[in-house]
Amino acid sequence: QKRQLNKLKNTAATTADEVNIQILANIESPADINAAHKLSIDGVGLFRSEFLFLNRDTLPSEEEQYEIYLDAIKKMKGKPLTIRTVDLGVDKNPRWLNHNDTLNPALGLTGIRLCLAEPVMFRTQMRAILRAAVHGPIRILWPMIGSLTELRQCHSHLELVKQQLTERSQEFESNVAVGCMIEVPSAALMVVSLLKLVDFLSIGTNDLIQYTLAVDRSDDTVSHLYQPAHPAVLKLLTHVIRSAIKANKPISVCGEMAGDDRYTRLLLGLGLRQFSMHPSNILRVKNMIVHSNTDEIEKQIWRILRNDDPNKVDDLLKKLNHIEP
Ligand code: PEP
Ligand code: MG
């Protein structure tokens, strides 16, 4: 099977009925990019920038970040690079953030909340990104957005950053695409409004599942309740993906679900055409895509979406994964 998968390295992810699917990589540092290119990626859908902020006592400077984003965009060879602004506070706690005695870190000062609470850190990062964007197509992705208010605040900071760079006469790209993660149920429910303020969306299913089902994604005692295809999760995914399609804005999934081939057909059936995943999952997901037929899946998907029993949904999914293209 490994040899068969290896044949897909240079193959585009096109379904049996000729629908082109974009395969994007999730990376944690620029060093991951070259290996991802060998799998014929269409870009990077999620560059987790946290590594820059961890294992150190001080914040990274604008110059330090600029050098790293510049290195990354050069390695992209013209393909888009989506940089997520720093997403700290839950499992990833830097030393400079005194955060360890919080009772519910996942519900606390995390993701964009922390960025907005530390505006100098937030704006420093965005200045470095806009400067690097002169050298290739970079997109900015804001994590853990929970409301329209937060999204508006992000835009204000971005505007201020552009003003600062202009005043400094520094070269930067002002026309950078901005998007937000949909990983909090409030954002999924408000997606039609959020869409008016962004160029693209990316669904973080790891957190979206956690927050929708109130199941800690890292707690083994409740891992049996962590069900990606739970009907409640599917309702939110359906709403978000269809709303983005209707608004004509690109939408991807960048949580683990996108890299798990048990859910590839399900996501195709919901209309998803961009999958962002850890490079180690790319060939398996590509294999599923080239052996799938979106017309066939669409004929079956309503059965899954109208079922309200998580176990029956799992059975139906297994059936869906076995139909011949
Ligand atoms: C997610 O929540 O699905 C996601 C991609 O972000 P992270 O796993 O970094 O929280
Ligand atoms: Mg997340």
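## Confidence and conventions

The quantity pLDDT is the predictor's confidence in each residue, on a scale from 0 to 100. The mean pLDDT of the chain is 95, and 98% of its residues reach 70 or more. Confidence in the chain is lowest in helix α1 (residues 2-6), with a mean of 87, and highest in strand β6 (residues 200-203), at 99; helices (H or I, at least four residues) and strands (E, at least two) are DSSP runs, numbered from the N terminus. The model scores ipTM 0.99 and pTM 0.97.

This is a predicted model, in which local features need pLDDT of at least 70 and side-chain atom pairs count only at pLDDT 80 or more, while totals for chains, interfaces and linings use all residues. Residues are numbered from 1 along each chain as its sequence is written, and chains are lettered from A and ligands numbered from 1 in the order in which they are written.

## The shell around ligand 1

Around ligand 1 lie Leu46, Arg48, Asp87, Glu183, Gly204, Thr205, Asn206, Asp207, Cys254 and Gly255, a residue being near a molecule if its C-beta atom, placed from the backbone, lies within 6 Å of it. Both β2 (43-48) and α9 (205-213) supply at least two residues of this shell, and the largest share, 3 residues, comes from α9.

Sorted by class, the shell holds 2 nonpolar, 4 polar and 4 charged residues, where Ala, Val, Leu, Ile, Met, Phe, Trp, Tyr, Cys and Pro count as nonpolar, Asp, Glu, Lys and Arg as charged, and the others, Gly among them, as polar.

## α9 against α10

Helix α9 also packs on helix α10 (residues 231-246), at an angle of about 125° and with the axes 10 Å apart; axes are lines fitted to C-alpha atoms, for helices over the stretch in contact, and angles run from 0 to 180 degrees between N-to-C directions. That angle makes α9 oblique to α10, given that angles under 35 degrees count as roughly parallel, over 145 as roughly antiparallel, 65 to 115 as roughly perpendicular and the rest as oblique.

In this contact, Leu208, Ile209, Thr212 and Leu213 of α9 meet Ala232, Val233 and Leu236 of α10, two residues being in contact if their C-beta atoms, placed from the backbone, lie within 7 Å. The residues of the contact of α9 with α10 comprise 6 nonpolar, 1 polar and no charged.

## Two further helix pairs

The axes of helix α5 (residues 119-132) and helix α6 (residues 148-167) come within 9 Å and cross at roughly 60°, and the two helices are therefore oblique to each other. The residues of the contact of α5 with α6 divide into 8 nonpolar, 2 polar and 3 charged.

For helix α13 (residues 294-305) and helix α14 (residues 310-322), the axes come within 10 Å and cross at roughly 170°, which makes α13 roughly antiparallel to α14. Here Ile297, Gln300, Arg303 and Ile304 of α13 meet Val313, Leu316, Leu317 and Leu320 of α14, a contact with 6 nonpolar, 1 polar and 1 charged residues.
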